[in-house]
Every structure is written in structure tokens, then in C-alpha cells.
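Let's take a walk through this model together.

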Amino acid sequence: MSKVLCSVATRGRYFTTLPLVLNAIINQTKPVDKLIVFDDNDEPKDMRKEMIYSYFFQMLDSKGIEWEWLFADKKGQHHIHQRANRMGYDWVWRCDDDAVPESNVLERLYSYAQGVDELGESKVGAVGGSILTPPYMPDTTKVTGLIDNIDSEPNIQWGRIERVKQVEHLHCSFLYRAGVCDYNTDLSRVAHREETLFTYELHRKGYKILAVPNAVTWHMKNPEGGIRSETKREMYEHDEQIFRNILEYKDKTIVVLNSGMGDHLVFSHVLPEVKNPVVFGCYPEIMPCRSIAEAQSLFGDIDRYSIYGKMDQWNWSDSLENAYRKLYL
């Protein structure tokens with residue numbers, strides 16, 4: 001059976017909404033295989049000394065749920081999500097520290113995640129339910145969930161989802177297939193649009209993104225803590241620009257070759273197979289390409305394009321040429 005890691009990134013909410021979230025996670029009808037709380041507080045504390053948390057830790061132990069409390073790097077939740085994404089679990093259920101799931105949420109999300117196609121293969125990449133923030137609960141029955149409509153319609157998760165709908169992006173809290181895509185770690189500490197970019201990349205990889213009914217999480221939208229600890233407008237503007245740049249190239253295959261001449265020569269054999277490629281590289285004499293500096297300016301973090309990083313992640317034993325095929329085809 002697939003293993004599920006529950007990841008909670010927290011900052012500034014030790015004694016407000018985080019206890020509500022942890023209690024809800026502990027009491028899911030489908031228990032998680034492991035819970036990790038990533039503490040991103042500017043001045044972290046040892047929660048084992050706090051009575052309310054000692055109760056939670058005892059409940060987790062009594063239920064046989066493995067757990068860890070890890071101190072994060074104070075770089076933002078996208079760095080935390082990327083750590084969870086690469087921990088070797090099949091699925092990650094990311095829960096915000098001010099979003100309280102009803103007791104059946106993981107069970108519902110997981111049941112849809114196991115869907116298979118006519119070939120018996122699972123092509124579900126992420127599953128999300130309603131994320132309700134009273135009193136704002138718009139009618140989302142006609143929402144398309146398409147990335148092209150992101151500026152003209154509310155997010156489908158903001159209202160009560162009445163039926164299963166395939167969309168192109170999710171936000172806030174959802175269950176996702178781990179290790180397929182990477183979070184953009186070049187976003188600012190507020191990580192504006194990080195979940196939209198991540199789930200849209202899963203969609204672009206050919207996986208289904210599902211919004212499903214009867215899986216309600218209550219978003220307390222704590223005015224303190226989390227990304228609302230940051231007030232610098234330029235952080236949001238920086239992240240929004242990266243998001244818009246990526247959308248501008250959404251019908252293209254972005255190829256980044258921040259590597260040596262030999263790698264360019266190998267990739268040149270794969271290039272004719274790539275759909276609508278836009279290549280950023282170091283050796284325009286080998287193949288037409290734009291500069292690596294431009295790629296960094298447009299898209300932020302380009303480490304996710306590192307072929308050697310991917311080969312290490314995949315425990316790759318085949319050729320470099322076929323590794324490029326896996327990454328770009």
C-alpha cells in the first residue's frame with residue numbers, strides 16, 4: 001500500500017491555529033503513515049515542554065503514528081515542501097498550519113488518488129477538496145479550474161465542491177504524488193503562487209489534478225504568522241513575475257542545459273524529439289540557445305532542470321541520452 005507523509009509547515013502559530021490542525025490530523029479516519037511538523041519560526045521553541053503539545057505527542061505514539069518535529073531553514077514554506085517532496089514517500093498530504101481538515105479528508109483524497117486508467121496505471125497527480133474560509137464562500141459550480149482563467153474566476157476550492165472535476169491547479173492543502181515535480185525554490189519567503197506552479201507542473205507532466213467533493217478543510221486564515229508575517233510588497237511582485245513568465249511559456253518545453261559541452265552534444269540527439277522546445281544553454285555553437293542568465297531571470301530556480309540531480313534522484317543506471325528523454329519528453 002502507498003505510504004502517505006503528512007507535512008505541516010508552521011510559523012508564528014504555536015498557540016493559535018496549529019494545535020487545531022494537529023488535533024485534526026491525529027483524528028483522521030485514515031491515519032497518515034508519518035507526520036512531520038517543519039518549524040520555520042524565527043525563534044523556534046521546544047514544544048515538548050508545552051502541555052498541549054505533550055498531549056498530541058502522546059496521542060500520536062498511542063495510535064502508532066510516526067512523527068518528527070524538524071527545524072526548518074527560515075527560507076519559506078516552498079523549501080519545506082520541497083524537502084517533504086523528496087523524502088521518499090509515495091504521497092504527501094500538505095496541510096497548512098491554519099487549515100483544519102474534517103476527519104474524513106485524507107480518506108477521501110486518498111481514495112481518488114488510487115484511480116487508474118484503462119491500462120491499469122494511476123495517472124492522478126494531486127487531489128484537493130474544498131478549502132472554506134467563512135464568510136467568503138463563492139459559488140464555484142461553474143469554475144473551470146483552467147490556468148488560463150486564473151484571473152477571471154475564483155479558485156474551485158474556495159467553495160463547496162459538488163462533484164469531481166479535473167482541473168489544472170490547486171492551492172493551499174492537497175494530497176500529491178511525490179517526487180514527480182519540484183517546487184520553485186527561487187520564490188521569495190512568502191512563496192506566492194508556489195502551490196499553483198507546483199500542481200500546474202504536475203498537470204503539464206500528464207497527471208490528473210482533481211477537485212473532489214465531501215473533503216472539507218476549514219481555513220482559519222490566521223492574520224498572524226505564516227506568509228502573513230511578511231509585509232514587503234516586492235516579495236509578492238517578485239513571485240508574481242516568475243509565475244507570469246512561466247505562464248507565458250506554458251505551451252513550450254523549457255530546456256535548461258547549465259552543463260558542459262559534452263552534455264550539449266548528447267542532448268542534441270534528443271532535441272528533435274522535444275515538443276516546442278525553448279533551449280537555454282551555454283554552447284550556442286552546438287545548438288541555438290538563449291543564455292542561462294536569462295533562464296534564471298525568467299524562471300527563478302533552475303536547479304530542477306539539472307540532469308545529474310535528476311539522475312541521482314531516479315537512481316539512474318541507463319544512458320545520459322535516455323535520462324534527457326525522461327526529463328523532457
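Contact here means heavy atoms within 4.5 Å. This is a predicted model, where local features need pLDDT of at least 70, side-chain atom pairs count only at pLDDT 80 or more, and totals for chains, interfaces and linings use all residues. Residues are numbered from 1 along each chain as its sequence is written, and side-chain values use heavy atoms, with hydrogens and water left out.

Start with the sheet. Eight strands make up an open, mixed sheet in the order S3-S2-S1-S4-S9-S6-S10-S8; strands pair if DSSP finds at least two bridges between them. At the edges sit S3 (66-71) and S8 (165-167), each pairing on one side only. Further in, S6 (residues 124-128) and S10 (residues 208-211) pair in the parallel sense over four bridges.

H2 (residues 51-62) lies across S2 (34-39) and S3, running at about 140° to S3. Such angles run from 0 to 180 degrees between N-to-C directions, with axes fitted to C-alpha atoms, for helices over the stretch in contact.

Next, find Asn-184, in the loop between S9 (174-177) and H5 (194-204). Asn-184 is buried, with a relative accessible area of 6% (buried means under 20%, exposed over 50%, partly exposed in between, using a 1.4 Å probe and protein chains only). The Asn-184 side chain reaches the backbone nitrogen of Asp-186 at 3.0 Å, and one of its polar atoms lies 2.8 Å from the backbone oxygen of Phe-299.

Definitions and conventions
Helices (H or I, at least four residues) and strands (E, at least two) are DSSP runs, numbered from the N terminus. A polar contact is a pair of N or O atoms within 3.5 Å; within protein, one must be able to donate a hydrogen and the other to accept it, and residues adjacent in sequence count only if both atoms are side-chain atoms.
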